[in-house]
Amino acid sequence: MNLEKIYNVIENEIQEKYKTKVECAKEMGISRQRLNHILNMLKTNSEISFKRVEKTLNFFGYEIEIKKRG
């Protein structure tokens, strides 16, 4: 999975729905630093847990669907 695509989706959601990342992080119940850390892990395709990715996407109204290729 290319996490940079997920990063782009989340970054766009933040820009469309919130004035600042601080406002978004506050609504998520995390610090701005934690939000930046999550975004950085997604952007650089670093190790991030599936649970964290799912939780972040759920906050923005997205879900992960797994299906067999073909």
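Student: Why is phenylalanine 60 called buried?

Tutor: Phenylalanine 60 has a relative accessible area of 5%, and buried means under 20% (exposed is over 50%, partly exposed in between, with a 1.4 Å probe and protein chains only); therefore phenylalanine 60 counts as buried. This is a predicted model, in which local features need pLDDT of at least 70, side-chain atom pairs count only at pLDDT 80 or more, and totals for chains, interfaces and linings use all residues. Residues are numbered from 1 along each chain as its sequence is written, and side-chain values use heavy atoms, with hydrogens and water left out.

Student: What makes the pair of phenylalanine 59 and phenylalanine 60 edge-to-face?

Tutor: The structure holds 1 aromatic pair. Its ring centres, in phenylalanine 59 and phenylalanine 60, are 4.9 Å apart with planes at 90 degrees, so the pair is edge-to-face. Rings of Phe, Tyr and Trp (its six-membered ring) pair if their centres lie within 6.5 Å; planes under 30 degrees apart are stacked, over 60 edge-to-face, and the rest tilted.

Student: How do you know that lysine 21 forms a salt bridge with glutamate 11?

Tutor: Their closest N and O atoms are 3.5 Å apart, and a salt bridge requires a side-chain nitrogen of Lys or Arg within 4 Å of a carboxyl oxygen of Asp or Glu. Glutamate 11 is buried at 13%, while lysine 21, at 28%, is partly exposed.

Student: What separates lysine 17 and glutamate 13 in helix H1?

Tutor: They are 4 residues apart, so about one helical turn separates them. Their side chains meet in a salt bridge at 2.8 Å, N to O.

Note on methods. Helix = DSSP H or I, 4+ residues; strand = E, 2+ residues; numbered from the N terminus.
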